[in-house]
Amino acid sequence: MGNIKGFLEYDRVDAPVVPEKERICGFEEFHGRLSAEEQQRQAARCMNCGVPFCQAGMMIAGMAAGCPLHNLVPELNELVEGGNLELAYRRLSITHSFPEFTSRVCPALCEKACTCGYHQEAVSTKENEKAIIEFAYEEGLVKEHAPKNRTGKKVAVVGSGPSGLAAAQLLNSRGHSVTVFERSDRVGGLLRYGIPNMKLDKAVIDRRIKLMEEAGIEFQTSVNVCGGKGKDSSGAKFADKVKNISADKLKEEYDAVILACGASNPRDIKAPGRDTKGIYFAVDFLGRVTKSLLDSDFKVLGDKKKAVFPFTEVSGKDVIVIGGGDTGNDCVGTSIRLGAKSVLQLEMMPCPPTERLASNPWPEWPKVLKTDYGQEEAIYKFGEDPRVYQTTVKEFISEEAVSADGKKEKRLKEVVLVSLESKKDEKTGRMMMVPVEGSEKKVPAQLVLIAAGFLGSESYVTEGFGVEVDGRTNVKTAAGSYAAEVKAAAPGSKKSARIYTAGDMHRGQSLVVWAISEGRSAAREVDRDLMGYTNL
């Protein structure tokens, strides 16, 4: 490093953030950027340590420590410190497909494993990465490789989330003809419809997709693979007109098919009154909000100081979010922007400690309390943290109402909450969270958003392609491989493409950075199988 004492001389300084009072009035990104000089000082805090766990991407105690993409973080920090952002971008692009996504939405596994963070605040690697990629876009350095020669091989990618996009990018650069199929009306998958705009501006996705199209990748939207013949096509809910394509057709027309459909089967809450109107899965809710904003081109109805957005189902309502993860937090922030009367966020588990316990040492992922932007905004708006721990919904209570078309319906009015405690299950010996008798209480709620995680892939896709799934309904592969285990074909069936998988559909619900890593690894395996070797 240019300044080997930088971590001693400089304190961590984060980029400016738009205050809660202003940012809850709209859906614009609210994280700014540091000056070039300050960013260099922040990069100078890197210790260039002998064992950089920040780039390890290894599993420790069942949790990831460091970047799964193995970005050479100390090298990048040194280049940023020296002001050589162009070379930093060239170096970063060797290991990373989309730094503009992770520098906005990643929980920064690199920083949680930073050696500097052992005794003081970690190096701001995530913001350094954002500085690199935004500089590269501003200077016109970001380009997708358009191969001069094509291999004659055709690859279909089903799903345009981060894993599908990463696989398509590498395979196209190799010279294969790649077509990406997306069942929604716009490209991006989870990036588009699972992450709110204030966290990831959709224009950031669009600028990358434009480059990928110019490089020769074909995107087909509003196409639901395996969605015909009465099969479930609810996943195409963000498209007005949907075309169905069978798995057999893809297997006949392509040399390889990569399933990158995500872990899109949400975990439900089984409680009396679940069929009441006003209860939605979180990602469905977030997707509908984003679609309404995109369709209206983010036009605000009324005065900006009291913004009213096209999505009006939240305004004036008591909202309960079930789930304490990132998606639950996104629901909190989104509900506040849409004019919720109140927001309560339920978490089944106990409140985490504010500092690492002895049983959770560095460089393990820190299992500590994190207050994210949604909770910060709720504290500002309502005067208290919206999170309630060791609590869940026992019953949904409805009232009779009349819909807009004159039909009677059950509409959510209240929920019954119950406290939970940890007890050992006598049959299995496992510790379980069980209701505390007599702890029930009613609270008002006209909208409930279920953000309780995902159970794996959707069966209509896995059954359509005839691939094996594991106990969590993730697509089965051999260890270290991305080639799906396929059920035996019927005698006399046509020769068909080999099936691969990547991302959440392969490993279960995870992070964007893991999805990108999986997509890149799957692309290498596909290329090797098609060509006999790979140089990706």
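Me: Where is P363 found?
Reply: This is a predicted model. In it, P363 sits in the loop between β11 (342-347) and α15 (373-382).

Me: Why is S222 called buried?
Reply: The relative accessible area of S222 is 14%. Buried means under 20%, so S222 counts as buried.

Me: What is the phi of S222, and where is its place?
Reply: Phi is positive, about 55°, although S222 is not a glycine. S222 lies in the loop between β5 (218-220) and β6 (223-225).

Me: Why does Q390 count as partly exposed?
Reply: Q390 has 27% relative accessibility. Buried needs under 20% and exposed needs over 50%. The value for Q390 falls in between, so the label is partly exposed.

Me: What is the phi of Q390, and in which loop is Q390 found?
Reply: Phi is near 50°, a positive value, and Q390 is a residue other than glycine. The loop runs between β12 (387-389) and β13 (391-402).

Me: At what angle do the axes of α8 and α11 cross?
Reply: Helix α8 (residues 125-138) and helix α11 (residues 202-214) cross at roughly 55°. Their axes come within 13 Å.

Me: Which residues make the contact?
Reply: From α8 come I133, E134 and Y137. From α11 come R207, R208 and L211. By class, three residues of the contact are nonpolar, three are charged and none is polar.

Me: Which residues touch the most other members of the largest nonpolar core?
Reply: They are V155, L165, L191, L200, F219, I258 and V526, in a core of 42 residues. Elements giving two or more residues to this core include β3 (154-158), α9 (162-174) and α18 (512-531). α18 gives the most, with eight residues.

Me: What does L191 touch?
Reply: Leaving out residues up to four places away in sequence, L191 touches F101, P162, L165, L200, K202, I205 and V512.

Me: How many residues are in the other core, which lies apart?
Reply: That core has 25 residues, among them M198, C331, L338 and A378.

Note on methods
Residues are numbered from 1 along each chain as its sequence is written. This is a predicted model: local features need pLDDT of at least 70, side-chain atom pairs count only at pLDDT 80 or more; totals for chains, interfaces and linings use all residues. Side-chain values use heavy atoms; hydrogens and water are left out. Axes are lines fitted to C-alpha atoms, for helices over the stretch in contact, and angles run from 0 to 180 degrees between N-to-C directions. Helices (H or I, at least four residues) and strands (E, at least two) are DSSP runs, numbered from the N terminus. Contact means heavy atoms within 4.5 Å. Ala, Val, Leu, Ile, Met, Phe, Trp, Tyr, Cys and Pro count as nonpolar, Asp, Glu, Lys and Arg as charged, and the others, Gly among them, as polar. A nonpolar core is a set of buried Ala, Val, Leu, Ile, Met, Phe, Trp, Tyr and Cys residues joined through side-chain atoms within 4.5 Å. Buried means under 20% relative accessible area, exposed over 50%, partly exposed in between (1.4 Å probe, protein chains only).
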